[in-house]
Amino acid sequence: LASSRKHARSAQLSLPMPSLFDKVGKPVKDVLSADYSLKNQVKISSVADNGTTLAGTSTKKGDGILHDVKVSFKPSDVLAVEAKVDTSGKLSFKVDYTEIQNVKVTANTSLPDVTAGDLELNYAAGGSSFATSATLSAAPKFLVSASNSSYVKGLTAAVEMSFDAASGAWTKYGVAAMFKQGDLTGTAVATDKFDTV
């Protein structure tokens, strides 16, 4: 266990995934990294009367500068759409659907490579959370994570698993726990098939 007053050891997850598992231990990580950024970046944004947001970002990377433009809007109360184009010409889309109570469905895709996207489902209610995602490729990769903070006061436990349909094998699994009492926060994380603790 690690105290937020002293130090913390945490394992970085290697794959993009629903955020439930990665939030375990976040208070400790924030003590170490919050409010610090080494990016050379400029952002400009504007919001229209109908809620549509247009934002442009320029980021210095190495000897070059990367640019992207993003537009976000809500066609309805249960649907949110985001589109982004970057310097390389890649066009990305994200759609959130929230009509079902406690459930959010998110579709991510891009052009020209449509199979680079994924489909996510998130559920949260009563201290319990569940999330799953699947890539849009012919042999998809599935990621599942779940957490609960309602059984023991101050204790949050989470688990994650990843399955690769191409190889037919579980490629990743891990567990995490966080206990918080007053200003003391302790975390324990085991990832990479329990090889990293």
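Predicted model: local features only at pLDDT ≥ 70, side-chain atom pairs only at ≥ 80, totals over all residues.
Trp-170 is partly exposed, with a relative accessible area of 45% (buried means under 20%, exposed over 50% and partly exposed in between, with a 1.4 Å probe and protein chains only). Residues are numbered from 1 along each chain as its sequence is written, and side-chain values use heavy atoms, leaving out hydrogens and water.

**The aromatic pair**

- You'll find one aromatic pair in the structure (rings of Phe, Tyr and Trp, the last by its six-membered ring, pair if their centres lie within 6.5 Å; planes under 30 degrees apart are stacked, over 60 edge-to-face, the rest tilted).

- Val-175 belongs to strand 11, and with a relative accessible area of 37% Val-175 is partly exposed.

**The salt bridge**

- There is one salt bridge in the structure (a side-chain nitrogen of Lys or Arg within 4 Å of a carboxyl oxygen of Asp or Glu).
- Glu-160 and Lys-172 make this salt bridge, and their closest N and O atoms are 3.8 Å apart.
- Glu-160 is in strand 10 (residues 155-164) and Lys-172 in strand 11 (residues 169-181), so the pair ties together parts that are twelve residues apart in sequence.
- Are the two partners buried or exposed? Glu-160 is buried, with a relative accessible area of 0%, and Lys-172 is buried as well, at 3%.

**The sheet**

- Now for the whole sheet: twelve strands form an open sheet in the order 1-2-3-4-5-6-7-8-9-10-11-12, with antiparallel pairing (strands are DSSP E runs of at least two residues, numbered from the N terminus; two of them pair if DSSP finds at least two bridges between them).
- Its edges are strand 1 (40-47) and strand 12 (184-190), and each of these pairs on one side only.
- From one strand to the next, the twist averages 10 degrees (the angle between N-to-C directions of lines fitted to C-alpha atoms, running from 0 to 180 degrees).
- Strand 1 pairs with strand 2 (residues 53-61) in the antiparallel sense over eight bridges, and here Val-47 has Thr-53 in strand 2 as its bridge partner.
- Strand 1 also holds Ser-45, which is exposed at 58% relative accessibility.
- The C-alpha atoms of Ser-45 and Val-69 are 9.5 Å apart, although these residues are separated by 24 residues along the chain.

**Hairpins**

- Strand 3 (residues 64-76) and strand 4 (residues 79-86) run antiparallel and are joined by seven bridges; the bridge partner of Asp-68 is Asp-86 in strand 4.
- How many residues does the hairpin use to join strand 3 to strand 4? The hairpin uses two residues.
- Strand 4 also pairs with strand 5 in the antiparallel sense, over seven bridges, and Leu-79 stands opposite Tyr-97 in strand 5.
- The hairpin of strand 4 and strand 5 has four residues between the strands, and Gly-89 takes a positive phi near 90 degrees in this hairpin.

- Asn-102 has a positive phi of about 70 degrees although Asn-102 is not a glycine.
- Where is Asn-102 found? Asn-102 sits in the loop between strand 5 (91-97) and strand 6, and at 37% relative accessibility Asn-102 is partly exposed.
- Leu-111 and Pro-112 are joined by a cis peptide bond, with omega about 10 degrees.
- Pro-112 lies in the loop between strand 6 (103-111) and strand 7 (118-125).
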